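The following report describes selected features of one structure. The sequence and the coordinates are shown first.

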Amino acid sequence: MTKVEAAREEYRDWCRAIGISTIEDVNKVLASGDGVRLINICEARQERKYAAVADQIYWNHTDKRIVMMSGPSSSGKTSSSLRIAQQCVAIGLMPKVIELDNYFVERDRTPRDETGEYDFEALGAMDVELLGNQLNDLLSGREVEIPRFDFVSGRPVFEGNRMKLNDGDVLFMEGIHALNPALTPDVGQDRIFRVYISALSSLEGGEKVHYSTTDKRLLRRIVRDSRTRGISPEETLTHWASVRRGETRNIFPYEENADIVFNSSTLYDMPLLKYYSEPLLYGILEGSPAYDKAQSLLEMLSHVTALKPSEIAAIPPTSILREFIGGQTL
């Protein structure tokens, strides 16, 4: 059994333990008026999982001072990394963050895809040498100057942002290549703790045996893109195939390199996403290239009972789901 399969099975066992094995079971809980209680139980579980990851980081931090996190689109990586960092602080570690987006190569060295466009998701777009040199310097106790990549000029600039790892510091990094050892070929792999984050589904229902992890992430992205990025649901759906290709190439082949798998799913994901995504999907009209997929998602959501506004209000501001619907305080 792979690490991802084991994480899904553990989640499925927990769901069964609290009496929920299908989406119909979730619907019954909501119909009984226990929606807020379900939200609270799910959030309590997530809190314990954040703490468990932080504990693993703490137990390994003497040797593994670099924490690399990755996962597919809309898995809640940003929220998860922030919550794990908070739990690290609570047990005496001090996370410091390096943004991998600052380690792109200069624009004229960026590889191009099959259409001739710059491929910023390719590993070749990363300045592996500079990153490796700085990580080794930090691990050796030396101070480095962290670059900022200027996307307008297409080159890194150095503006005096200096960093040094002190006792108790751990370095957090998150990005699509974070689980790929080729990102850090000159850094001892035994110095890196890797976390894979994904929204692993477990509920049976409809024609989707696991209620489709991929479709759940797509719904999350539709809601977030519409709310924060001004991207229409139609645009998100038509771009999704490209996102999936990037995940298949850059993320999924390396998921088993993770020291630990964090499941960002909750049992109230789909009821929440139905409330926000259904009106957006109904706005995609016949004749649109996204119409068939929108109808497929709507059919899936037809088996789900939506959360009520009063129940949504009970979702805490630190929840992963707030990353997509708004109101987060992380």
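## Structural report

R224 lies in helix α6, which spans residues 213-229; helices (H or I, at least four residues) and strands (E, at least two) are DSSP runs, numbered from the N terminus. The model is a predicted one, in which local features need pLDDT of at least 70 and side-chain atom pairs count only at pLDDT 80 or more, while totals for chains, interfaces and linings use all residues. Residues are numbered from 1 along each chain as its sequence is written, and side-chain values use heavy atoms, with hydrogens and water left out.

R224 is buried, with a relative accessible area of 10%; buried means under 20% relative accessible area, exposed over 50% and partly exposed in between, for a 1.4 Å probe and protein chains only. Leaving aside residues up to four places away in sequence, R224 touches S73, S74, R229, E323 and F324, where contact means heavy atoms within 4.5 Å.

Strand β7 covers residues 169-174, and because five of its six residues are buried, it is largely enclosed by the rest of the structure.

| Strand paired with β7 | Sense | Bridges |
|---|---|---|
| β1 (residues 66-70) | parallel | four |
| β2 (residues 94-97) | parallel | four |

Within these pairings, I66 stands opposite L171 in β7, and P95 stands opposite V170 in β7.

A search of the whole structure finds one cavity of 30 Å³ or more. On a 1 Å grid over the protein atoms alone, a cavity is a set of points where a 1.4 Å probe fits but cannot get out, and lining residues have an atom within 4 Å of a point. The largest cavity holds about 90 Å³ of space, a volume being the space filled by probe spheres set on the points. Twelve residues line the largest cavity, and L203, K216, T266, L267 and M270 lie nearest its centre. By class, this lining has seven nonpolar, three polar and two charged residues; Ala, Val, Leu, Ile, Met, Phe, Trp, Tyr, Cys and Pro count as nonpolar, Asp, Glu, Lys and Arg as charged, and the others, Gly among them, as polar.

The structure holds zero disulfides, a disulfide being a pair of cysteine sulfur atoms within 2.5 Å. For C15, the closest cysteine sulfur is that of C42, at 7.6 Å, which is too far for a bond. C15 is buried, with a relative accessible area of 1%, and C42 is buried as well, at 2%.

Note on methods
Pairing = 2+ DSSP bridges. 1 Å grid on protein atoms, 1.4 Å probe; cavity = no way out; pocket = protein on both sides within 12 Å on 5 of 7 lines; lining within 4 Å.
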